[in-house]
Amino acid sequence: MNQPDFTALIEAARTAGTLAYAPYSHFPVGAAVLTASGRIFQGCNLENAAYPLTMCAERVALFSAYAAGERTIVALAIMTPTATFASPCGACRQVMVELAPQSQVILLNRAGEQQRTTPHALLPHGFGPAQLDEARDT
Ligand code: THU
């Protein structure tokens, strides 16, 4: 099968990072998701003076796609201003497994180099709806 062209998705992640609101960490993160219908949704991190309220770029992008009615995420690109590759936080990994289980995750460093992975590789043994069902059945 041909690999989809992720050029526009990667560019969207890069530009999303320029829109980050990160006055406390000074660590802008850009994310973008590509949906099965071919649409791209961007996300950036959004911080708050009440620090724990901060929202990561990955979740902004995924929630934005879902809020627009999209349900199948083909790929998620994430760019951090680091020499190494982005390492999504645990909360975002949990959300990726549920909202984008079959997606390709493209990690990008500040040089624009890529590393590919998947939600399940990032979060093996994540909590899921099956556990909720089990509790209901007992
Ligand atoms: N951040 C993200 O947006 N995504 C990640 O995967 C890791 C961290 C944000 C949260 C916070 O605004 C800043 O980066 C530093 O933690």
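Thr80 is buried, with a relative accessible area of 8%, where buried means under 20% relative accessible area, exposed over 50% and partly exposed in between, using a 1.4 Å probe and protein chains only. The model is predicted, so that local features need pLDDT of at least 70 and side-chain atom pairs count only at pLDDT 80 or more, while totals for chains, interfaces and linings use all residues. Residues are numbered from 1 along each chain as its sequence is written, and side-chain values use heavy atoms, with hydrogens and water left out.

**Thr80**
- Thr80 lies in the loop between β3 and α3; helices (H or I, at least four residues) and strands (E, at least two) are DSSP runs, numbered from the N terminus.
- Not counting residues up to four places away in sequence, Thr80 touches Phe27, Pro28, Val29, Phe85, Ala86, Leu108, Asn109 and Arg110, contact meaning heavy atoms within 4.5 Å.
- The side chains of Thr80 and Thr82 make a polar contact (2.7 Å), that is, a pair of N or O atoms within 3.5 Å; within protein, one must be able to donate a hydrogen and the other to accept it, and residues adjacent in sequence count only if both atoms are side-chain atoms.

**Glu113**
- Glu113 is found in the loop between β4 (104-108) and β5 (114-117), and counts as partly exposed because its relative accessibility is 46%.
- The side chain of Glu113 makes a polar contact with the side chain of Asn109 (2.7 Å), and, leaving aside neighbours within four places in sequence, Glu113 is in contact with Phe85, Leu107 and Leu108.
- Between Glu113 and Arg93 there are 21 Å in space, C-alpha to C-alpha, and the two are 20 residues apart in sequence.

**Helix α2**
- In α2 (residues 57-67), the buried residues include Ala57, Glu58, Leu62 and Tyr66, and what covers the buried residues of this helix includes β1 (30-35), β2 (40-44), β3 (73-79) and α3 (90-99).

**Ligand**
- Among the residues that surround the ligand are Ser25, Phe27, Val29, Thr54, Pro88 and Cys89, each having a heavy atom within 4 Å of the ligand.
- Oxygen atoms of the ligand lie 2.9 Å from a side-chain N or O atom of Asn45, 2.5 Å from a side-chain N or O atom of Glu47, and 3.0 Å from a backbone N or O atom of Ala57.
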